[in-house]
Amino acid sequence: MKITITVENPTPEALEKLLALAAMPAAVVTAVPDDRWTSERARSYYDRLPPRAQQILLQVIEGEGECAAEELRANGRSLRGSTGAFRRVLSEGQRTGLWPDGLPVPLVSHLVGGQLKKLEMPGCGTDRYPHPAFEKGLRDLLSNGR
């Protein structure tokens, strides 16, 4: 049996009582902060993206968390409308309670002079870096067999 409890902004006292309850014999407790991507959240997010945004996300993951815009536009592929899906799908999931409100958008655009130069996963080198969770959650879809 698996029980999932989401507690938003718990007081220290409430958190202590909840952890004491979870410490009962044979209990298995996993705590995931509201501002972190997990492999399960990553796969759920990917599954809700439109097809072109899914392709872009996989390219960024394969690029170790970033991908140049020229590479994404290869073979005449357009980026028009595709990058907006990343924020829109996250917002819809947060609004419906699928994901916590503190979860950050996993891809950000880098513009130079109004031109898109690259897409990347923010937070490299921190515990909020989403790349490992997405790589694990989408492992079966990645073309290079990681």
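Buried here means under 20% relative accessible area, exposed means over 50%, and partly exposed is in between, with a 1.4 Å probe and protein chains only. By that rule, 34% of the 146 residues in the protein are buried.

Some housekeeping. This is a predicted model, where local features need pLDDT of at least 70 and side-chain atom pairs count only at pLDDT 80 or more, while totals for chains, interfaces and linings use all residues. Residues are numbered from 1 along each chain as its sequence is written, and side-chain values use heavy atoms, leaving out hydrogens and water.

The protein has six helices and three strands, in the order α-α-α-β-α-α-β-β-α. These are DSSP runs numbered from the N terminus: helices are H or I, at least four residues, and strands are E, at least two.

Now the salt bridges, meaning a side-chain nitrogen of Lys or Arg within 4 Å of a carboxyl oxygen of Asp or Glu. The whole structure has eight.

D47 pairs with R43, with closest N and O atoms 3.2 Å apart. Both sit in helix α2 (residues 39-48), four residues apart, so about one helical turn separates them. D47 is partly exposed at 46% relative accessibility, and R43 is partly exposed at 24%.

Which residue does E66 bridge to? The partner is K118, at 3.5 Å between the closest N and O atoms. E66 is in strand β1 (residues 66-68) and K118 in strand β3 (residues 115-120), so this pair ties together parts 52 residues apart in sequence.

Last, D35, R36, D127 and R128 are linked in a salt-bridge network.
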